[in-house]
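Trainee: I am new to this structure and would like a close look at a single part. Please take me through the side chains there, one contact at a time.

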Amino acid sequence: MISAWATKAPGAPLEPFAYQEAALGPDDIEVAITHCGLCHSDVHMIDNDWGNTVYPLVPGHEIIGTVTQAGERVTPLEVGQRVGVGWQRSACLRCSFCIAGEQTFCEKAESTIVGHHGGFADRIRTSGSFAFPIPDALDSVNAAPLLCAGGTVFTPLVTNEVRATMRVAIVGIGGLGHLAVQFAAAWGCEVTAISTSPAKAKEAARLGAAHFLVAKEEELTKATGRFDFILVAVPASLPWLLYVDLLAPKGKLCLVGVPDKPLELAAFPLIVGHKAVCGSAITNRTRMEQMLEFAARHKIVAQTEVMPMSECNKAIDRLRHNQVRYRVVLEN
Ligand code: NAP
Ligand code: ZN
């Protein structure tokens, strides 16, 4: 039996929960979990914000652990190896998207915590194809948040061809945002952190932000037309028209955070300024490996609060109240 923490109804606290592990398929591995980050997507899932939660839900999709068993087709992972597992659990690996390396678009893609039990547990059985060796330079606590948050903020820099000469704003300095500031700064960009929390200004500077703006209309309008790329990592709705105004001509506003309401936009600023609003989800296998290597090389370090797995409810409460600096990592 696997010992885990699960919620049984929308918004309900997690409780100890044991479940029978599935048979180990030829492509599967079992991982003894040492660490698991707490992402805001876990909270969206606990609350069934996206209508796809299957209860009981074991959250957790920023998993670090050691391979304890491997099916006969698993390669190149080995028993005893340290690996990470993120949001995506599997894909068909045969469709045209998978063959092109874009496994996140696979119609058969499955998530670690949708209809499967995640990383708030002592062990997990999952597909070996979506477990990633962790570079030695990264410690496990720091590596955990990279498996979802890191891949999610790294990918749009690549796919939107963000260049070192660009001015980039990161909106929402939480788990994703504080890593995004570091990745964009390491990219060479001039980074501005935009935050509702003035107390985060000093830390944003330490993480690599050249500028800090408080997310208030009177402050933001001072930066009209300034940014080539804005990455929004906020789990809430924002005054989108105002954020489009912050873009320079040809600028892009890219959402990774999931707002609670449809976006309110106007066509003219997009048309006249050749601006774009777009989104980005998690990362594919190649970019996950590139991101881990880039993070190790540039010493991108998640700032974490380490708590025992048994304190997962306290961690969720802190995250709900924007008290975490900047990612809780639960430890077994
Ligand atoms: P987080 O740690 O809670 O950080 C979110 C930050 O947004 C907060 O620290 C806060 O920063 C700001 N914020 C929170 N509530 C706000 C509000 N009502 N208005 C304005 N700002 C607010 O969350 P996270 O783990 O980084 O996740 C952020 C979002 O990304 C979530 O919606 C999550 O589901 C999503 N996500 C998406 C993907 C993907 O593949 N696209 C992957 C992972 C997560 P300040 O204090 O600086 O304002
Ligand atoms: Zn996540």
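Mentor: The model is predicted. Begin with a charge and a ring: Arg285 places its charged end over the ring of Phe130, at 5.5 Å from the ring centre.

Next come contacts between rings. Eight aromatic pairs are found in the structure. One of them joins Phe154 and Trp187: the ring centres are 5.5 Å apart and the planes meet at 85°, so this pair is edge-to-face; the cut-off for that class is over 60 degrees. Phe154 belongs to helix 4 (residues 149-159) and Trp187 to helix 5 (residues 175-187), so the pair ties together parts that are 33 residues apart in sequence. Phe154 has a relative accessible area of 4% and is buried. Phe154 and Trp187 are also members of a cluster, linked by ring pairs, that includes Phe183 and Phe294.

Cys39 and His61 link distant parts of the chain, 22 residues apart. Cys39 is in the loop between strand 3 (28-37) and helix 1 (40-46), while His61 is in the loop between helix 1 and strand 4 (63-70). Cys39 is buried, at 3% relative accessible area, and His61 is buried as well, with a relative accessibility of 0%.

Methods
Residues are numbered from 1 along each chain as its sequence is written. Chains are lettered from A and ligands numbered from 1 in the order in which they are written. This is a predicted model: local features need pLDDT of at least 70, side-chain atom pairs count only at pLDDT 80 or more; totals for chains, interfaces and linings use all residues. Side-chain values use heavy atoms; hydrogens and water are left out. Rings of Phe, Tyr and Trp (its six-membered ring) pair if their centres lie within 6.5 Å; planes under 30 degrees apart count as stacked, over 60 as edge-to-face and the rest as tilted. Helices (H or I, at least four residues) and strands (E, at least two) are DSSP runs, numbered from the N terminus. Buried means under 20% relative accessible area, exposed over 50%, partly exposed in between (1.4 Å probe, protein chains only). A charge sits over a ring if NZ of Lys or CZ of Arg is within 6 Å of the ring centre and within 35 degrees of the ring normal.
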